[in-house]
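I opened my notebook to get to know a new structure. Here is what I looked up, entry by entry.

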Amino acid sequence: MEELDVERGRSRELTRRTVVKSAAWSVPVLAAVAATPMSAASAACTKHLSTETAAYVRAGATASQFTWTDPFGDGKDLTLTLSAVHTGVAQMAINTANNLVQDVDMHGGEAKPSVHLALDTLGLVNNGGGETVTFTFALGGAATTVQNLAYTIKDIDGFMALDGNGGAERVSVSAGTGSYNPTWLQGSGIPSNRWRLSTSAPNVEVDAASSAGNVNVTAASVSAFSLDFIVNNSGRAANDRPPQNIWVGPFTFDVSGICMP
């Protein structure tokens, strides 16, 4: 009888332990089941964005940033960072007061938020001095690729360069192609054949209300690209050294992510 009672006690203890153990393992299973509906509700999606709706902060003449706050609802901000460096010969300098300033004044025939690229002429004979601006997209601090990027480079003009091959202001990009008014501009937007004033252009400077000096740029897919803005002899005379200016923007593009519920 005593042995039977011991066996019964062991059986009851085994049953109790088995129930407790089973209950402990059931908690994460229930949690996983509960989490499933929320995960299923999130889905891949694409946003069409514009710099006209982004916050813009200029840190100085060589650094600025556009920010779209939490576009996918996952707590990650999307940014477009601009970084400028002087390039080429020393006769052109980055204008510290105006470079990378965003304004909404009339340029290129439209009054839309555009980033000002500004150079100061330091010497009459200038063969390719200026700046390179790098544009980089990031989502949550990590590089991200956008599609269907489109923007306008505005107000390319300038007095005839010393080489006789178009106006003083020259622009090229590392990604994308451009369309423009061939009566006013020429070039293909690459370093060896930059966009510039046509030798047959009717005037040397484009009016702010005119789109004649614009290049409309598109790029199918890009995470970063650079824009070179240089000048090839901008002076009218030895003591007449005007500043050189173009405007870039607004930028529109598609970006993909996971939209949270």
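Which residues does L227 touch, not counting residues up to four places away in sequence? Before answering, I noted that this is a predicted model.

**Entry on the core.** I listed the contacts of L227 and found L117, E131, T132, V133, F135, I153, V171, S172, V173, I246 and V248, leaving out residues up to four places away in sequence. I then checked the largest nonpolar core, which has 50 residues. I153 and L227 are the residues with the most contacts inside that core. I wrote a reminder to myself: in soluble globular proteins, nonpolar side chains tend to be buried together.

I then looked up the pairing partners of strand 7.

- Strand 5 (residues 92–94) runs antiparallel to strand 7 and is joined to it by three bridges. Here A93 stands opposite D120.
- Strand 6 (residues 102–103) also pairs with strand 7 in the antiparallel sense, over two bridges. The bridge partner of D103 in strand 7 is S114.
- Strand 17 pairs with strand 7 over five bridges, again in the antiparallel sense. In this pair I found L119 opposite Q244.

Where is D70 found? I located D70 in the loop between strand 3 (63–68) and strand 4 (78–87). Phi of D70 is near 45°, a positive value in a residue other than glycine. D70 counts as partly exposed because its relative accessibility is 31%, and that class lies between the 20% and 50% cut-offs.

N148 has a positive phi as well, near 55°, and is not a glycine. I placed N148 in strand 10, which covers residues 146–154.

**Entry on a peptide bond.** Is the bond from G249 to P250 cis or trans? I read it as cis, with omega near -15°. P250 sits in the loop between strand 17 (244–248) and strand 18 (252–259). Strand 17 was already in my notes as an antiparallel partner of strand 7.

Methods:
Residues numbered from 1 in each chain as written. Predicted model: local features only at pLDDT ≥ 70, side-chain atom pairs only at ≥ 80, totals over all residues. Heavy atoms only, no water. Helix = DSSP H or I, 4+ residues; strand = E, 2+ residues; numbered from the N terminus. Buried < 20%, exposed > 50% of the residue type's maximum accessible area, 1.4 Å probe, protein only. Pairing = 2+ DSSP bridges. Core = buried A, V, L, I, M, F, W, Y, C linked by side-chain atoms within 4.5 Å. Contact = heavy atoms within 4.5 Å.
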